[in-house]
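I opened this structure for the first time today. These are my notes on what I looked up.

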Amino acid sequence: TVSRVINKNGGYSPETEKRVLSLIKRYNYIPNLVSKGLRTNKTPIVGIIIPDIVNEFYSKLVLHLQMVLFESGYLTTICNTNESRDLEYQHLQALLAQNVSGLILISGSSYNNMAESLSIPTVYIDRRPMEKSNDIIYVESDNVQGGYLATTELIDCGCRRIGFVTDMLTESSKTSRYQGYCKALQEADIAIEPSFIFRVENVKIEDAFSVITQAFSQGMPLDGIMCTTDMLAVGALMAAKEAGFKIPENMKITGFDDITAASIISPGITTVHQYSNQMAQIVSQLLTDLFSGKKPEKTEYTIPVSLIKRESTG
């Protein structure tokens with residue numbers, strides 16, 4: 001009976017379930033995950049592969065995933081790739097060798113089709129895999145709308161020469177934000193200027209600071225900057241201030257993610273908020289359904305975003 005309650009297999013009354021759970025809590029009982037894994041050939045562990053654990057958006061998302069999955073009876077193993085495809089491949093091999101029950105991948109790498117070929121329940125977050133498939137389950141924020149909102153805010157505040165700062169336009173999330181940027185400019189009859197598109201090597205404050213400082217030194221007549229992450233927005237803001245611009249009087253800046261830095265820097269950065277807790281709930285439910293053999297109603301899920309207005313746009 002205890003086993004049935006722990007594994008949620010049914011065959012017991014609500015009163016019995018309540019009594020068993022009460023005893024489990026009183027005696028701090030911990031189920032043996034190893035023995036369960038031997039019986040099912042799967043350990044109740046979900047592997048999570050992320051590109052950058054230092055990135056606050058990803059760390060918040062992983063925290064929510066851990067909490068929600070734990071409530072469903074699953075532990076998590078977190079693997080940080082530091083944006084390295086080789087390291088991602090090694091982590092993926094190690095997780096599959098451990099017979100994990102499922103995978104959550106924040107990656108656009110072509111390596112991750114290994115999981116699909118081995119029929120491991122897998123959900124992708126934030127970045128679409130390079131190799132498209134009708135069976136891929138994908139959860140993302142509405143990045144197109146987010147890019148549109150961030151750019152429209154600048155336009156509504158009077159900006160007409162708007163720069164766009166990003167790291168990699170090979171990632172689906174960044175290309176979608178760029179689409180939103182272009183959509184906003186086109187609706188406002190503002191020409192898309194290729195020289196206003198700035199790409200950095202890494203999502204770091206110093207990288208954005210360097211590229212925007214160089215743009216100002218070359219005399220680029222920007223009056224607004226839309227950044228695909230808040231970290232890049234902080235760097236752009238610092239570069240603008242050092243170049244003598246007053247924010248938001250003659251330079252306005254928007255970011256994306258709504259991390260802590262965007263609210264504590266002065267002036268505060270207007271940004272796009274992503275609902276990582278809602279993403280975690282959906283991903284957890286999708287994995288639980290896959291574990292039980294239930295096919296999801298659809299394969300793509302898009303979570304709405306919202307604009308958080310702060311001093312950087314007035």
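My entries go through strands, helices and aromatic rings in turn.

**Entry 1: strand S5.** I kept in mind that this is a predicted model. I began with strand S5, residues 138-141. Are its two faces covered or open? Both are covered. Tyr138 and Glu140 are buried on one side, and Val139 and Ser141 are buried on the other.

I then looked for the partners of S5. Strand S4, residues 122-125, runs parallel to S5 and is joined to it by two bridges. Ile125 has Val139 as its bridge partner in S5. Strand S11, residues 300-303, also pairs with S5 in the parallel sense, over four bridges. Here Tyr138 is partnered by Glu300.

**Entry 2: Glu153.** I found Glu153 in helix H7, residues 143-156. Is Glu153 buried or exposed? Its relative accessible area is 6%, and buried means under 20%, so Glu153 is buried. Beyond its neighbours within four places in sequence, Glu153 touches Thr254, Thr270, Leu307, Lys309 and Thr313.

**Entry 3: the open sheet.** I traced four strands in the order S7-S6-S8-S9, with parallel pairing. Which strands stand at the edges? They are S7 (197-199) and S9 (252-254). Each has a single partner strand, so one side of each lacks a neighbour in the sheet. From one strand to the next, the twist averages 20°.

I checked one pairing in detail. S8, residues 224-227, pairs with S9 over three parallel bridges. Ile225 stands opposite Ile253 there.

Two helices came next. H9, residues 205-217, lies across S6, S7 and S8, at about 140° to S7. H10, residues 230-242, lies across S6, S8 and S9, at about 165° to S9.

**Entry 4: aromatic rings.** I noted six aromatic pairs in the structure. Phe57 and Tyr58 make a tilted one, 5.5 Å centre to centre with 55° between the planes. Both Phe57 and Tyr58 are buried.

Why is the pair of Tyr178 and Tyr181 stacked? The centres are 5.9 Å apart and the planes lie at 25°, so the pair counts as stacked. Tyr178 and Tyr181 are three residues apart in helix H8 (172-187), about one helical turn. Tyr178 is partly exposed at 24% relative accessibility, whereas Tyr181 is buried at 0%. Ring pairs also bring Phe164 into a cluster with Tyr178 and Tyr181.

**Entry 5: charges over rings.** I found the charged end of Arg177 over the ring of Phe256, 3.7 Å from its centre. Lys183 lies over the face of Tyr148, at 4.9 Å from the ring centre.

Methods
Residues are numbered from 1 along each chain as its sequence is written. This is a predicted model: local features need pLDDT of at least 70, side-chain atom pairs count only at pLDDT 80 or more; totals for chains, interfaces and linings use all residues. Side-chain values use heavy atoms; hydrogens and water are left out. Buried means under 20% relative accessible area, exposed over 50%, partly exposed in between (1.4 Å probe, protein chains only). Two strands pair if DSSP finds at least two bridges between them. Contact means heavy atoms within 4.5 Å. Axes are lines fitted to C-alpha atoms, for helices over the stretch in contact, and angles run from 0 to 180 degrees between N-to-C directions. Rings of Phe, Tyr and Trp (its six-membered ring) pair if their centres lie within 6.5 Å; planes under 30 degrees apart count as stacked, over 60 as edge-to-face and the rest as tilted. A charge sits over a ring if NZ of Lys or CZ of Arg is within 6 Å of the ring centre and within 35 degrees of the ring normal.
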